[in-house]
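Please read it alongside the sequence and the structure.

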Amino acid sequence: MKCFTGQLKNFPHPRSVEAIEALAKLRASTVGVAYAEAFSLLQTVRGNCEVQTTLGLMHMKGLGCPRKVDVGIALLEQASMAGSSRADFNLYYHFNDIGQHAKALSYLVKAADRDDTDALFLLADEYSRSGNAAKMEHCLVRGARLGDGRAVRLLKNQKERMCI
């Protein structure tokens, strides 16, 4: 609102700083955060997976709202179902951190299937550590085709080692 000083009025006018903050707090109380805009809430309700992912991460980390991991996971899972590879990637990290490796890996595979280059690179590493060279190479080739320089370098190094 500082950009629109000509529009600001004194309270109780709807364009007063106090009224705007009160409305943001009211909207926020419906989703358990400190402040919220109607646009973000509407986008979450309508299934905007990027907004769901951001709100999920906010809840999981307690950024601007009380830390509620279960709410965060639910929002990330909704975003994942709507197609967000970023949500998949963050669910992978969460479940990996708490020792649920099979569930974590399922989210990593989902993100890789959605052509997330970071997920493809991590999945290649997972396959490398488990000794599955064919699946590792498949992930690296897909990453390279998507323009991931890390995958290109690893494939080049592999070919150079094979020629020696």
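The points below proceed from the overall architecture to individual elements and residues.

The model is predicted, so local features need pLDDT of at least 70 and side-chain atom pairs count only at pLDDT 80 or more, while totals for chains, interfaces and linings use all residues. Residues are numbered from 1 along each chain as its sequence is written, and side-chain values use heavy atoms, with hydrogens and water left out. The protein chain contains nine helices and zero strands.

**Overall architecture**

- From the N terminus on, the elements run α-α-α-α-α-α-α-α-α; helices (H or I, at least four residues) and strands (E, at least two) are DSSP runs, numbered from the N terminus.
- Of the 164 residues of the protein chain, 33% count as buried, where buried means under 20% relative accessible area, exposed over 50%, and partly exposed in between (1.4 Å probe, protein chains only).
- The accessible surface of the protein chain comes to about 10200 Å², and carbon and sulfur atoms hold 57% of this area; the areas come from the Shrake-Rupley method with a 1.4 Å probe, and for residues only the protein chains shown count as cover.
- Among the contacts in the protein chain with a separation of 6 or more, 34% are between residues 24 or more positions apart; contact means heavy atoms within 4.5 Å.

**Salt bridges**

- The count comes to seven salt bridges, each defined as a side-chain nitrogen of Lys or Arg within 4 Å of a carboxyl oxygen of Asp or Glu.
- One of them joins the side chains of Arg150 and Asp118 at 2.9 Å, N to O. Arg150 lies in helix H9 (residues 149-163) and Asp118 in helix H7 (residues 117-129), so the pair ties together parts that are 32 residues apart in sequence.
- Arg150 is partly exposed, at 29% relative accessible area, and Asp118 is also partly exposed, at 37%.
- Within helix H7, Arg129 and Asp125 lie four residues apart, about one turn of the helix, and they form a salt bridge whose closest N and O atoms are 3.1 Å apart.
- In this pair Arg129 counts as exposed, at 59% relative accessibility, whereas Asp125 counts as partly exposed, at 35%.

**Asp148 and its surroundings**

- Asp148 is placed in the loop between helix H8 (133-145) and H9, and the residue is buried, with a relative accessible area of 6%.
- Not counting residues up to four places away in sequence, Asp148 touches Thr117, Phe121 and Gly143.
- The side chains of Asp148 and Arg150 are also joined by a polar contact of 2.8 Å. A polar contact is a pair of N or O atoms within 3.5 Å; within protein, one must be able to donate a hydrogen and the other to accept it, and residues adjacent in sequence count only if both atoms are side-chain atoms.

**Helix H4**

- Helix H4 (residues 69-81) has 13 residues and reaches 18 Å from its first C-alpha to its last, close to the 18 Å expected at 1.5 Å a residue; the expected span is 1.5 Å times one less than the number of residues.
- Gly72, Ile73, Leu75, Leu76, Ala79 and Ser80 are buried in H4. They cover an arc of only 165 degrees around the axis, which puts them on the same side of H4; the arc is that of the directions from the helix axis to the C-beta atoms.
- The exposed residues Asp70 and Met81 are carried on the face of H4 turned away from its buried side.
- Gly83, with a positive phi near 110 degrees, follows H4.

**Helix H5**

- Helix H5 (residues 85-97) has 13 residues and spans 18 Å between its first and last C-alpha, close to the 18 Å expected at 1.5 Å a residue.
- The buried residues in H5 are Ser85, Ala87, Asp88, Phe89, Leu91, Tyr92, His94 and Phe95, and what covers them includes helix H3 (49-61), H4, H6 and H7.
- Ser84 caps the N-terminal end of H5, with a side-chain oxygen 3.4 Å from the backbone nitrogen of Arg86.
- H5 is followed by Gly99, whose phi is positive, near 85 degrees.

**His101 in helix H6**

- His101 is found in helix H6 (residues 101-113) and is partly exposed, with a relative accessible area of 48%.
- Not counting residues up to four places away in sequence, His101 touches Phe95 and Asn96; a polar contact of 2.8 Å joins the side chains of His101 and Asn96.
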